[in-house]
Amino acid sequence: MGNMLRESKQEAYDVVVIGAGMGGLSAAALLAKAGQSVLLVERHDRPGGYAHGFTRRKYRFDSGVHLISGCSRQGYRNGSIIYKIGQALGISTESTFLPIPAYARICYPQFELLLHSGEEAFVAGLAERFPAEQDNILKLSRLCRVLAEEIMIADEVLRLDDEDLPSPALTLATLFRYRRATLSSVLDEFFADPQLKSAYASLWPYLGLPPSKLSFLYWATMMAGYTYEGGFYCRGSFQNYADSLAGKLRELGGELLLNASVRRICVEQGKACGIMLENGQRIGAKAVISNADAWQTADSLIGRRHLPEDYWNRLARLSPSISVFVTYLATDLDFAGGALAHESFFFRRLDHEASYAGALEGRFDWFSATLSTLADASLAPPGQHLLVLTALCPYAIGESWRQAKPRFQQCLLEQAERQFPGLNDHLLLVESGSPRTLERYTLNHQGAAYGWAPAPDQIGPHRPDVRGALPGLYHAGHWTRPGGGVAGVSVSGLLAAQAVLDIPRLEDFWRLLGVEPN
């Protein structure tokens, strides 16, 4: 009953944000900094969404986020998003985040490699095994950087009608060239060695599609982040960053309402004008930002009768991403002397297409292992480690997840035993989350891990804009532009805030908040 009685302090705000995922949190805090009165409503007992953390006995786990980029001043033009949000809000990213120089270890039966932050280190790491391809590795890395820079300004360039600016065809020339490209097609363009193609594409599980289906633009943004901005882990778990954003929201006069669900978005005369909580409280607002699932927002919170038919048709053409199965472990296995990394990807074969096809059938022949205690030993008692095993997995497997979860968990444990001999004799805690778990906690449709699947025809202008289908309605999170990942949804949050304030140029938005754009 206590949850049902949660009410906001005021009856009206400038902005109401639904959902305290990282996109909603970023938008809410930035708008509060800009002087708006802001209410953020979250159905869970803590902020963070997929980035929330949880405690089991003496152990502190991250639910889904393992690594991010954009946390330092170093990077590419118009990037460093987490760093800039931190500057705007007075959050020290230097003390909040720990750099992870060798951010991923990729393991195949034929070879193993470490992926390093920094252009020189990244290229050298791959070129050590593929020396004949060194020049093309460098060219592809720099192409990713150029695309990431153009993507950050694409919406602004296309929206502004300014005769003093170069034409979009010139400003976004590289983006236009590769807008329909898949990762696979670009790998064929740059590389001849099939092993290098597989090695370079090893982080495809982060985005939920194999190289033949994955948008190269989407991939380029991620790789530019890790290569030029660096990989980072949040000290004490990513819940700490979510809590920092929530704390700044409150400091700036905003309100965060936890354990509170939204029944509907109120619409009057064709305009979003506030929300109604499940307890019946109606709260007025000049703008409503939904960080919730796109279908839930449209169908459950707004209702078909309020939305244009062509909007429904566009949503119907989009496909959600795959989900994940995750097993959280605490162990006292001695990892000393091993070839370890913060995140390791173990593939039994070079064929990523076959691995993805197996995942769609609920079969794991690959998985990732995150050893967060390598970066932050405080997450577990001395001599103990936390290990998170992750594999892509569909929601629909032909049986109840309550029945299937033990079998899927055992499959991951068996695979982990092959890579970490003795692990299963040194388990101190084991807990798993299925696609149904993700859906239950976040209401993402069928536990979609990345919002809409990032295929070439589901990114950029093909993805719903942060400006909603109704006046006064906005979106944030991985169901809108630019897409998933903490950096991506943080961008969506700042774009939503920029749209609410009606500031056409991103550099003007940053200056309003006291941040000098790069």
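In which sense do strand E6 and strand E14 pair, and over how many bridges? Strand E6 (residues 102–107) runs parallel to strand E14 (residues 343–347), and three bridges join the two; pairing here requires that DSSP finds at least two bridges between the strands.

## Basis of the description

This is a predicted model, in which local features need pLDDT of at least 70 and side-chain atom pairs count only at pLDDT 80 or more, while totals for chains, interfaces and linings use all residues. Residues are numbered from 1 along each chain as its sequence is written, and side-chain values use heavy atoms, with hydrogens and water left out.

## Overall form

The protein has 18 helices and 18 strands, where helices (H or I, at least four residues) and strands (E, at least two) are DSSP runs numbered from the N terminus. The C-alpha trace spans about 65 × 60 × 45 Å along its principal axes.

When contacts (heavy atoms within 4.5 Å) between residues at least 6 apart in sequence are considered, 69% of them join residues at least 24 apart.

## The seven-stranded sheet

Seven strands make up an open sheet of mixed pairing, in the order E7-E6-E14-E15-E16-E13-E17. Its edges are strand E7 (112–116) and strand E17 (427–433), each of which pairs on one side only. From one strand to the next, the twist averages 20°, with axes taken as lines fitted to C-alpha atoms, for helices over the stretch in contact, and angles running from 0 to 180 degrees between N-to-C directions. Helix H15 (residues 401–419) packs on this sheet, where it touches strand E13 (323–331), E14, strand E15 (366–370), strand E16 (385–393) and E17, and its direction makes about 60° with that of E13.

Within the sheet, five of the six residues of E6 are buried, so this strand is largely enclosed by the rest of the structure. On the E14 side, Ile106 has Phe345 as its bridge partner. With E7, by contrast, E6 pairs in the antiparallel sense over five bridges, and Arg105 stands opposite Leu114 in E7; E6 and E7 form a hairpin with four residues between them.

Arg349 lies in the loop between E14 and helix H14 (352–360) and is partly exposed, with a relative accessible area of 30%. Leaving aside residues up to four places away in sequence, Arg349 touches Tyr108, Pro109, Ala354, Ser355 and Asp365. The side chain of Arg349 makes a polar contact with the side chain of Asp365 at 2.6 Å and reaches the backbone oxygen of Ala354 at 3.3 Å. A polar contact is a pair of N or O atoms within 3.5 Å; within protein, one must be able to donate a hydrogen and the other to accept it, and residues adjacent in sequence count only if both atoms are side-chain atoms.

Helix H10 (residues 216–229) has 14 residues and reaches 19 Å from its first C-alpha to its last, close to the 20 Å expected at 1.5 Å a residue, the expected span being 1.5 Å times one less than the number of residues. Because 13 of the 14 residues of H10 are buried, the helix is largely enclosed by the rest of the structure. At its start, a side-chain oxygen of Ser215 comes within 3.2 Å of the backbone nitrogen of Leu217, and just after H10, Gly230 takes a positive phi of about 100°.

Helix H2 (81–89) is also largely enclosed, since eight of its nine residues are buried; among them are Ile81, Tyr83, Lys84 and Leu89. Just after H2, Gly90 takes a positive phi of about 80°. Asn78 sits in the loop between strand E4 (59–62) and H2, and at 15% relative accessibility Asn78 counts as buried. Not counting residues up to four places away in sequence, Asn78 touches Lys84, Glu149, Met152, Ile153 and Asn518.

Key
Buried means under 20% relative accessible area, exposed over 50%, partly exposed in between (1.4 Å probe, protein chains only).
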